[in-house]
Amino acid sequence: MKEYIDRLKEEHTLTREGFETLLSRRDADTHAYALEQAVKIRQQIYGRDIYIRGLVEVSSYCKNNCYYCGIRSGNKKASRYRLTPDEILDCCREGYQLGFRTFVLQGGEDAWYTDEILTAVIQDIKKDFPDCAVTLSLGERSKESYRRLYAAGADRYLLRHETATEEHYRKLHPPNLSLTDRKTCLKDLKEAGYQVGAGFMVGSPGQTYAHLAEDLLFLRKLSPHMVGIGPFLSHQDTPFAHEPNGDLDLTLFLLALIRLMLPKVLLPSTTALGTLHPEGRKLGILAGCNVVMPNLSPSGVREKYLLYDNKIATGLEAAESIDLLKKQMEEIGYKIVCARGDYPAS
Ligand code: SAM
């Protein structure tokens, strides 16, 4: 299996069958080798630097009803909140003091955030913190909307494709959502000029190695600047309440493959990984990740943005505990840096 890793490292892709074989037949040696190579590549590009992003969860209202997500519109038990523009700016102010130079505004698809409101928020953040990047993760919007938000100063946009296989997309989403629309959004975002992020959950219900191979090929073709992957974690008030959580080792292995396939990619060690395993964040870094996204939302709303059960929001996960995170990264030989952390120019 090591020859597959070497080929991926040299050619930055494998065939569909190659990826499927690698995923299904990997053993402990292959796993260790993939992670070792991924770390080497990450080191060549980013050294020992780890970028941080302050995550502001702006709204738990969502018009969509994705079967896996705790804030789906059909979950009548979810507590809903939305931050006002002033509250979002307060989060950024606090984050700036703590050393964050990227703010990620993420939320459900909430029509309250019109282009006018978002444009003003982005412009205010850029005015108050001109040395910071703004990342949006607000779901599917029109091409015109993406363009307007980019013109207002937004730098990056995260929109996971969730799965690149039509039939699997159908299993995870209600009929009004489509993979074609999702892909169109990613194309529109790229054309608008954003640094774009795609990604998927590992172990989402019904997922096979063939689906994952398709996801890797899709990412290779899209060649995004960022890739967000994390384990699927069940939420008690969703149709997938009783589905098993995604696997830690498979997630780490996929992170390593993504680093080998897209060497310069900005790759976060996600909250879901930190929720699945107490050392998850650290293990992600040791698999080739170079980004962490601590939670900068007001503490009163953190427990309401519950995408899955037991989501962590305190301790190392909290932006205000940045010193603890710095220490943890230093323990494994890495350094949190106070920088925008853009995708490197070629
Ligand atoms: N609404 C925006 C969107 O659709 O891109 C951003 C918010 S959405 C909640 C962010 C991501 O959370 C999704 O892309 C999905 O992959 C992830 N997510 C949702 N439910 C999850 C679960 N049960 N386990 C793990 N990740 C989940």
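Reply: A nitrogen atom of the ligand sits 3.0 Å from a polar backbone atom of G107. A polar contact here is a pair of N or O atoms within 3.5 Å; within protein, one must be able to donate a hydrogen and the other to accept it, and residues adjacent in sequence count only if both atoms are side-chain atoms. Before going on: this is a predicted model, with local features needing pLDDT of at least 70 and side-chain atom pairs counting only at pLDDT 80 or more, while totals for chains, interfaces and linings use all residues. Residues are numbered from 1 along each chain as its sequence is written, and side-chain values use heavy atoms, with hydrogens and water left out.

Me: Which residues around the ligand come nearest?

Reply: Being near means having a heavy atom within 4 Å of the molecule or strand. Of the 18 residues around the ligand, Y68, G107, R160, E162 and L233 come nearest. E162 also has a phi near 75°, a positive value in a residue other than glycine.

Me: Where is E162 found, and is E162 buried or exposed?

Reply: Buried means under 20% relative accessible area, exposed over 50%, and partly exposed in between (1.4 Å probe, protein chains only). E162 is in the loop between β5 (156–158) and α7 (166–172), and it counts as buried because its relative accessibility is 8%. Helices (H or I, at least four residues) and strands (E, at least two) are DSSP runs, numbered from the N terminus. For another case, take H12, in the loop between α1 and α2: its phi is near 60°, again positive in a residue other than glycine, but H12 is partly exposed, with a relative accessible area of 24%.

Me: How do I read a nonpolar core?

Reply: In soluble globular proteins, nonpolar side chains tend to be buried together. A nonpolar core is a set of buried Ala, Val, Leu, Ile, Met, Phe, Trp, Tyr and Cys residues joined through side-chain atoms within 4.5 Å. The largest one here has 101 residues, and I125, L136, Y194, L254 and I258 have the most contacts inside it. Helix α10 (residues 248–261) gives the most to this core, with 11 residues. A second, separate core of 10 residues includes V104, M226, V291 and M293.

Me: What does I258 touch, leaving aside its neighbours within four places in sequence?

Reply: Contact means heavy atoms within 4.5 Å. On that basis I258 meets F200, L216, L219, V227, I229, V265 and L267.
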